Amino acid sequence: MTEVVAALIWEKNRFMICQRPPHKARGLLWEFVGGKVEPGETLEQALVRECREELGVSLEVGEVFMDVTHAYPDLTVHLTLFHASIREGRPQKLEHNDIRWITAAEIDGYDFCPADEEILKRLKACYS
């Protein structure tokens, strides 16, 4: 199983989603910014590193919003989504195809990675 972390970054009533690059697995699907935990890292350290690499920002990591396990054909992920805020920097598309800020009511207008489905249901229930 692959440990993966992601950030639920809010700006007022909108949260950040990122579109995967076309050449990667699940290309052009939307997701929360984050990535794989490397050996020796805590979940929080991995999330700070991934957001620095992918967005060029430093992050303040908060509480866990939710975690899910999802089996893709090529790997099984255990995804932990943290509440987070940008401490420094402006998000840049260093690795993603696009970045958007959306409300919970707008979730259905985007095609997300399957591992995010349960998280999105909870976001709609809590914030719509």
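In which strand is H78 found? In this predicted model, in which local features need pLDDT of at least 70, side-chain atom pairs count only at pLDDT 80 or more, and totals for chains, interfaces and linings use all residues, H78 lies in strand β6, which covers residues 76-88. Residues are numbered from 1 along each chain as its sequence is written, and side-chain values use heavy atoms, with hydrogens and water left out. Strands (E, at least two residues) and helices (H or I, at least four) are DSSP runs, numbered from the N terminus.

H78 has a relative accessibility of 17% and therefore counts as buried, the classes being buried under 20% relative accessible area, exposed over 50% and partly exposed in between (1.4 Å probe, protein chains only). Its side chain is joined to that of D67 by a polar contact of 2.6 Å; such a contact is a pair of N or O atoms within 3.5 Å, where, within protein, one must be able to donate a hydrogen and the other to accept it, and residues adjacent in sequence count only if both atoms are side-chain atoms. Residues up to four places away in sequence not being counted, H78 touches M1, T2, E3, V4, D67, V68 and T69, contact meaning heavy atoms within 4.5 Å.

Strand β6 pairs with β1 in the parallel sense over eight bridges, and A6 stands opposite L81 of β6; two strands pair if DSSP finds at least two bridges between them. With β5 the pairing of β6 is antiparallel, over 11 bridges, with E60 opposite S85 of β6, and a hairpin of four residues joins β5 to β6.

Helix α1 (residues 43-55) comprises 13 residues and reaches 18 Å from its first C-alpha to its last, close to the 18 Å expected at 1.5 Å a residue, where the expected span is 1.5 Å times one less than the number of residues. Its buried residues are A46, L47, R49, E50, C51, E54 and L55, and these pack against β1 (2-11), β2 (14-19), β4 (34-36), β5 (58-71), β6 and β7 (98-102). The helix is followed by G56, with a positive phi near 70°.

In soluble globular proteins, nonpolar side chains tend to be buried together. A nonpolar core is here a set of buried Ala, Val, Leu, Ile, Met, Phe, Trp, Tyr and Cys residues joined through side-chain atoms within 4.5 Å. The largest such core has 24 residues, of which F15, F32, I107, F112, I119 and L123 touch the most other members; β1, β2, β5, β6 and α2 (117-127) each supply at least two residues of this core. A second, separate core of 16 residues includes M16, C18, L47 and L55.

With a disulfide taken as a pair of cysteine sulfur atoms within 2.5 Å, the count comes to zero. The sulfur of C51 is 8.1 Å from the closest cysteine sulfur, in C18, which is too far for a bond, and C51 is buried at 0% relative accessibility. For C113, the closest cysteine sulfur is also in C18, at 11 Å, too far for a bond, while C113 is buried at 4% relative accessibility.

Q19, in strand β2, is buried with a relative accessible area of 13%. A polar atom of its side chain lies 3.1 Å from the backbone oxygen of L28, and a polar contact of 2.7 Å joins the side chains of Q19 and N97.
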